[in-house]
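Me: I would like to go through this model before setting up any calculations. Could you take my questions one at a time?

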Amino acid sequence: MSKELTSNDNDFGAVISIIENAKGRALKAVNAELIHMYWDVGEYLSDLCAESSFGDKIIDEVATYISESAPTVKGFNRRGLYRMKQFYETYRDDEFVSALLTQISWTNHLLIMSKSKTKEERDFYVALAAKEHYSSRELERQLDSAYYERYMLSSGKRPPELVSQNVRNSILDTYVLEFLDLPGQYSERNFRKAIIGNLKQFILEFGKDFTFIGEEYRVQVGGQDFFIDLLFYNRALSCLVPIELKIGKFKPEHIGQINFYLEALDRDVKKPNENPSVGLILCASKDDAVVEYALSRSMSPTLVSDYTLRLPDKKILKDKLQELAELALEESDG
């Protein structure tokens with residue numbers, strides 16, 4: 001039996017949800033049809049160029065024909081047609097992303113094709129953009145910050161014994177926080193406040209599975225109050241993630257502090273259906289050997305990441321990634 005509505009009912013928010021959900025589905029359907037159209041045009045042009053003695057130059061004739069026959073149709077000039085052909089030829093044999101192509105916008109496809117150099121990098125960004133529902137501005141930022149290289153370098157590192165690879169894949173080894181616009185000299189309080197003031201960009205960098213809970217989050221142990229710099233919840237990992245901010249170099253004693261917070265959270269804050277909390281120490285720099293020694297006997301799942309306040313040099317990261325691949329190849333041959 002349906003609920004009888006009266007003039008006093010205040011629970012009309014459902015109608016807004018119905019409207020917004022319908023609009024969202026309509027936009028997705030329109031985008032899917034557009035991507036299918038660009039694919040079909042690209043396939044036609046690819047076959048046409050293969051059969052023509054003029055090769056790609058015949059696309060100029062197609063562009064002229066469209067402009068004269070359908071002058072109101074936009075986006076099908078010479079440049080647009082070449083991009084459609086490139087789109088089809090880039091992904092026609094790529095089964096990995098074939099089901100994802102209609103899930104991201106045409107603008108995002110153009111960004112990925114123009115800024116990615118390898119198939120692996122393209123596949124990564126297509127999957128990431130589909131999963132995170134990136135706007136074009138958000139995707140461009142991830143491309144410019146070398147998110148792919150940083151992710152691959154992080155996942156290639158062996159995690160501490162109590163940290164699963166799933167956790168390692170959710171937390172990067174290095175974060176780029178150029179959007180904080182901090183001065184040359186700043187305190188940990190300045191650092192924390194800058195993050196809170198730019199929380200949307202911070203979560204974009206960390207991943208949209210991170211949900212902010214609070215800053216200087218209070219935990220009480222024994223009759224004393226202790227404060228965690230930042231507390232997040234990660235939906236994919238189903239756990240609390242306390243973040244301790246350090247503006248200097250990582251020190252082994254930082255581990256004791258984060259372990260204490262993890263114990264307090266798991267005993268008094270964590271819900272029964274949630275996984276054990278995962279700690280993150282975010283510092284300005286770190287020595288990987290010192291980090292490994294410090295974590296080797298830690299009884300809590302903790303990771304140490306560093307941050308930079310400027311966009312990274314992508315060439316340096318690509319070289320590091322190549323070194324890591326070569327090392328892995330040598331180990332497998334040995």
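**Backbone, burial and charge pairs**

Me: Asp-181: buried or exposed?
Reply: Asp-181 counts as exposed, at 69% relative accessibility. The cut-offs are under 20% relative accessible area for buried, over 50% for exposed, and partly exposed in between (1.4 Å probe, protein chains only).

Me: What should I know about the source of the coordinates?
Reply: This is a predicted model, in which local features need pLDDT of at least 70 and side-chain atom pairs count only at pLDDT 80 or more, while totals for chains, interfaces and linings use all residues. Residues are numbered from 1 along each chain as its sequence is written, and side-chain values use heavy atoms, with hydrogens and water left out.

Me: Back to Asp-181, then. Where is it placed?
Reply: Asp-181 sits in the loop between strand 1 (174-176) and helix 9 (188-197). Helices (H or I, at least four residues) and strands (E, at least two) are DSSP runs, numbered from the N terminus. The phi of Asp-181 is near 50°, a positive value in a residue other than glycine.

Me: What is the phi of Ala-146?
Reply: Ala-146 has a phi near 55°, which is positive although the residue is not glycine. Ala-146 belongs to the loop between helix 6 (136-144) and helix 7, and it is buried, with a relative accessible area of 0%.

Me: How many residues of helix 7 are buried?
Reply: Seven of the nine residues of helix 7 (residues 147-155) are buried, so this helix is largely enclosed by the rest of the structure. The buried residues are Tyr-147, Tyr-148, Glu-149, Arg-150, Leu-153, Ser-154 and Ser-155.

Me: How many salt bridges does the structure hold?
Reply: There are 27 salt bridges in the structure. One of them joins Arg-218 and Asp-225, at 3.2 Å from N to O. Arg-218 is partly exposed at 47% relative accessibility, and Asp-225 is partly exposed at 40%. Lys-131, Glu-132, Asp-209 and Arg-235 are linked in a network of salt bridges.

Me: New topic. How many disulfides are found?
Reply: A search of the whole structure finds zero disulfides, a disulfide being a pair of cysteine sulfur atoms within 2.5 Å. For Cys-239, the closest cysteine sulfur is that of Cys-283, and at 19 Å it is too far for a bond. Cys-239 is buried, with 1% relative accessible area, and Cys-283 is buried at 0%.

Me: Which residues make the nonpolar surface patch?
Reply: Phe-12, Val-15, Ile-16 and Ile-19 make a nonpolar surface patch of about 360 Å². Patch members have over 30% relative accessible area and no salt bridge; like charges are joined within 9 Å, and nonpolar side chains (Val, Leu, Ile, Met, Phe, Trp, Tyr) within 5 Å. Areas come from the Shrake-Rupley method with a 1.4 Å probe, and for residues only the protein chains shown count as cover. Phe-12 lies in the segment before helix 1 (13-51) and is partly exposed, at 41%.

Me: Where does Val-241 lie?
Reply: Val-241 is in strand 4 (residues 239-249) and counts as buried at 1% relative accessibility. Its C-alpha atom is separated by 9.5 Å from that of Thr-211, 30 residues apart along the chain.

Me: Lastly, what are the overall figures for the chain?
Reply: The C-alpha trace spans about 80 × 75 × 40 Å along its principal axes. The chain has 13 helices and six strands, and 42% of its 334 residues count as buried.

Key:
Salt bridge = Lys/Arg side-chain N within 4 Å of Asp/Glu carboxyl O.
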